[in-house]
Amino acid sequence: MKALLLIAHGSPRTQANDDFIKLALSVQKLTPQFCVEACFLDSAVPSIPTALKKLIDQKITEIKVLPYFLVEGKHITTDIPQILEREKENYPHLKIDLLKHFGSMETIPQLIASLIHS
């Protein structure tokens, strides 16, 4: 089975984290062929390793990882790749595919433009 792991930064503000989890649930409804899990880099739970363990316990063997970040800062270039590399060592049978961060997607400018044209 395949999964999508959405990673947000995490916030001390509970409502922000809850909104991200709701987003993941909405994505799950749109992609029933994937198990969708939300996790956080910092300041909230579940952490990336905890979310990966949950997926592995569900017999997931292939995970696409989407960093829900707008810009390519240190978390995208260093922190998340390092965490995933450590986890790959723990689970060598697991295929982890790190996707480009959310803000790099070509459709984001179109989405923003559509907001002002509505």
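## Helix H1 and its length

Welcome to this predicted model. Let's begin with the opening question. Helix H1 runs over residues 14-30, and at 1.5 Å a residue it should span 24 Å. The C-alpha atoms at its ends are 25 Å apart, which agrees with that expectation.

Now look at which side chains of H1 are hidden. Asn17, Phe20 and Ala24 are buried in this helix. They cover an arc of only 60 degrees around the axis, so they sit on the same side of H1.

What do the buried residues of H1 pack against? Their partners are E1 and strand E2, which covers residues 34-40. On the face turned away from the buried side, you will find the exposed residues Thr14, Leu25, Lys29 and Leu30.

Next come the charged side chains. Side chains of opposite charge can pair when their charged atoms come close. In this model the count comes to seven salt bridges.

One of them joins lysine 2 and glutamate 62, whose closest N and O atoms are 4.0 Å apart. Lysine 2 belongs to strand E1 (residues 2-8) and glutamate 62 to strand E3 (residues 62-67), so this pair ties together parts that are 60 residues apart in sequence. Lysine 2 is partly exposed, at 39% relative accessibility, and glutamate 62 is also partly exposed, at 22%.

Glutamate 85 and lysine 88 form another salt bridge, with 3.4 Å between the closest N and O atoms. Both lie in helix H3 (residues 74-90), and because they are three residues apart, about one helical turn separates them. Glutamate 85 is partly exposed at 44% relative accessibility, and lysine 88 is partly exposed at 30%. Elsewhere, salt bridges that share partners join Lys2, Glu62 and Lys95 into one network.

## A buried partner and an exposed one

Is aspartate 79 buried or exposed? With 16% relative accessibility, aspartate 79 counts as buried, because the cut-off for buried is under 20%. Lysine 74, in contrast, is exposed, with a relative accessible area of 56%.

Technical notes:
Residues numbered from 1 in each chain as written. Predicted model: local features only at pLDDT ≥ 70, side-chain atom pairs only at ≥ 80, totals over all residues. Heavy atoms only, no water. Salt bridge = Lys/Arg side-chain N within 4 Å of Asp/Glu carboxyl O. Helix = DSSP H or I, 4+ residues; strand = E, 2+ residues; numbered from the N terminus. Buried < 20%, exposed > 50% of the residue type's maximum accessible area, 1.4 Å probe, protein only. Expected span 1.5 Å × (residues − 1). Arc of directions from axis to C-beta. Contact = heavy atoms within 4.5 Å.
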